[in-house]
Structures are given as C-alpha cells and as structure tokens.
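User: Hi! Could you walk me through this model? I have a few quick things to ask.

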Amino acid sequence: MKIIDDLDLLVAKITEHHLDSYIQKRHYPQILLSTLQEGESLYKQDEFAEYFCIMLSGKIRVYRTLSNGKEAILNVITGFRILGEIELIYNNPSLNSIEFLEPSSCLLIPMNYCRDELLNDTNFVKKVAYNLAMTLHAVETNTSINMSFTLENRVASYILASEKDGSFELDLSTLPELIGTTYRHLLRVIKKFQEEGLIKKKGDRYLLLQKSVLSNKISDLYSL
C-alpha cells in the first residue's frame, strides 16, 4: 500500500467524487489517499479492519474461505465503492476478505476515528446506511439469478450488466464461481455465443454484437 501525501490532490479527489456532501473538512487530516496494488488485501476474514475504505477506482474481489479450505467468491466490484460498513458498525472481525485485482485508488480513514467522530455525523451515517441497503440488494439479486436461471441466462445477464459502450471483459479466474458454474461449462457458453454471432473476442475484451438477442434471454441483471 502506497500513501500519497498530497493534501491538494486529496481535496481534489474528495470534490471530484462529491464526498464533501457527507465528509466535513475537519475530517480531511485523518484521511489517507492511497494506492493498493494487485494482490494486496485490505480486509481479511476473522481479523479486525484497520481502515474504513472509499474505493475511488479499481477492482476487487470479495470472498470467504470455507471450513474445507475452498474460497467462495461473493462478488467482483469495479469502480467507486464504499467498503467496511459492517466492520465499522458492528466492530467485529471481518466476515469476508477483500483482495485488489488491479492497482486501485482509495481513501482510507482509521476505523477508530470513524466510530468516534464520523458516526456522530448524520450525513455520513445516512450514506453508510444507503450503501448497506444497496449491498443487500445486490446480494439478493445475484443470489436469486444464480438459483433461478440456466447457465446461458446467467452468462447473458453478466454480459449485459458489465457491458459498457458495446464491449465487456470476462475475468475467467473469478467469473465461474461468481455465477455458480465451472470454468469448462463457462467456456462452452462463451464459445456458443461466439458461434451464434452474439459476441466477438477483440484483444482482451469482447464486443457485444447482438444486445437485443441477449436481452431476450433474461431481463434480470447481476448487480456488479
């Protein structure tokens, strides 16, 4: 983890992402502007979290290690996201682990400071509550899709949810477990979609060629 000691840049990031609507200026000296690299962890299962995190940009995977040693991937998140709300409120060890999948820009606030100061701020608490509600909604949505639809439907849902400007990325190291399948079965569906002319591989991304056809397969989209 690299800490960037630049107050002007910190303030610029806070303003850019409209964080000043729920974090007052008097708290800025306690905020660390940081970069976390691929493979680094900020939260570890069964360990107390040191920081409340606002991820400005980047990509993480949220996972839980089961009693048999296997890792269950709960979500893969890209872009802006607030992390650590449960740890902040309950003051218990983390339920899950979070690993960064690419260099990510984050704002870190010491947990103890958040509990002592920010939890007394109504605007901050409202934001945390809203984020918790959105997280719960995402879990319910994704679980329902995994339980209720065929694999083709689930892959179509993921593609439609992750597509941006006509292209999307498939992380084959995390996606199979995220949508409840195996690597081999996922590849079969991807190959089928390519043969049907629905998608096309281009570099390290895919082009979405027939969005309407995939949309007809499923209207429920994963929350990513």
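User: Great. What should I know before we start?

Analyst: This is a predicted model, where local features need pLDDT of at least 70 and side-chain atom pairs count only at pLDDT 80 or more, while totals for chains, interfaces and linings use all residues. Residues are numbered from 1 along each chain as its sequence is written, and side-chain values use heavy atoms, with hydrogens and water left out.

User: Thanks. Where does UniProt place the cyclic nucleotide-binding domain?

Analyst: The unreviewed UniProt entry puts "domain: Cyclic nucleotide-binding" at residues 10–109. UniProt positions are given in the numbering used here, feature names are shortened, and annotations may be inferred rather than shown by experiment. Across residues 10–109 the chain is 13% helix and 47% strand, with the end C-alpha atoms 12 Å apart. Helices (H or I, at least four residues) and strands (E, at least two) are DSSP runs, numbered from the N terminus.

User: And where is the HTH crp-type domain?

Analyst: The unreviewed UniProt entry gives "domain: HTH crp-type" at residues 149–212. In residues 149–212 the figures are 48% helix and 16% strand, and the end C-alpha atoms lie 18 Å apart.

User: Let's look at α5 and α7. At what angle do they pack?

Analyst: Helix α5 (residues 151–162) packs against helix α7 (residues 183–195) at about 70°, and their axes are 10 Å apart. That makes α5 roughly perpendicular to α7. For the terms, angles under 35 degrees count as roughly parallel, over 145 as roughly antiparallel, 65 to 115 as roughly perpendicular and the rest as oblique. The axes are lines fitted to C-alpha atoms, for helices over the stretch in contact, and angles run from 0 to 180 degrees between N-to-C directions.

User: Which residues meet there?

Analyst: From α5 you have L151, E152, V155, A156 and I159, and they meet H185, L186, V189, K192 and F193 of α7. The residues of this contact of α5 with α7 divide into seven nonpolar, one polar and two charged. Here Ala, Val, Leu, Ile, Met, Phe, Trp, Tyr, Cys and Pro count as nonpolar, Asp, Glu, Lys and Arg as charged, and the others, Gly among them, as polar. Contact means heavy atoms within 4.5 Å.

User: What about C114, how far is its sulfur from the closest cysteine sulfur?

Analyst: The closest cysteine sulfur to that of C114 is in C53, 11 Å away, which is too far for a bond.

User: Is C114 buried or exposed?

Analyst: C114 is buried, at 0% relative accessible area, and C53 also counts as buried, at 0% relative accessibility. Buried means under 20% relative accessible area, exposed over 50%, and partly exposed in between (1.4 Å probe, protein chains only).

User: Now V128. What does it touch?

Analyst: V128 is found in helix α4 (residues 122–148), and it touches F52, E85, L88 and I89, not counting residues up to four places away in sequence. V128 counts as buried, at 4% relative accessibility.

User: And T35?

Analyst: T35 sits in strand β2 (residues 32–36) and is buried, with a relative accessible area of 18%. Not counting residues up to four places away in sequence, T35 touches M1, K2, I4, E40 and S104.

User: E40 came up there. Where does E40 lie?

Analyst: E40 lies in the loop between β2 and β3 (41–43), and it is partly exposed at 23% relative accessible area. Leaving aside neighbours within four places in sequence, E40 is in contact with M1, T35, I98, E99 and F100. The C-alpha atoms of E40 and F100 are 60 residues apart along the chain, yet separated by 5.6 Å.

User: Last one: what does K201 touch?

Analyst: K201, in strand β9 (residues 199–202), touches Q194 and Y206, not counting residues up to four places away in sequence. K201 is partly exposed, with a relative accessible area of 42%.

Methods. Disulfide = S-S within 2.5 Å.
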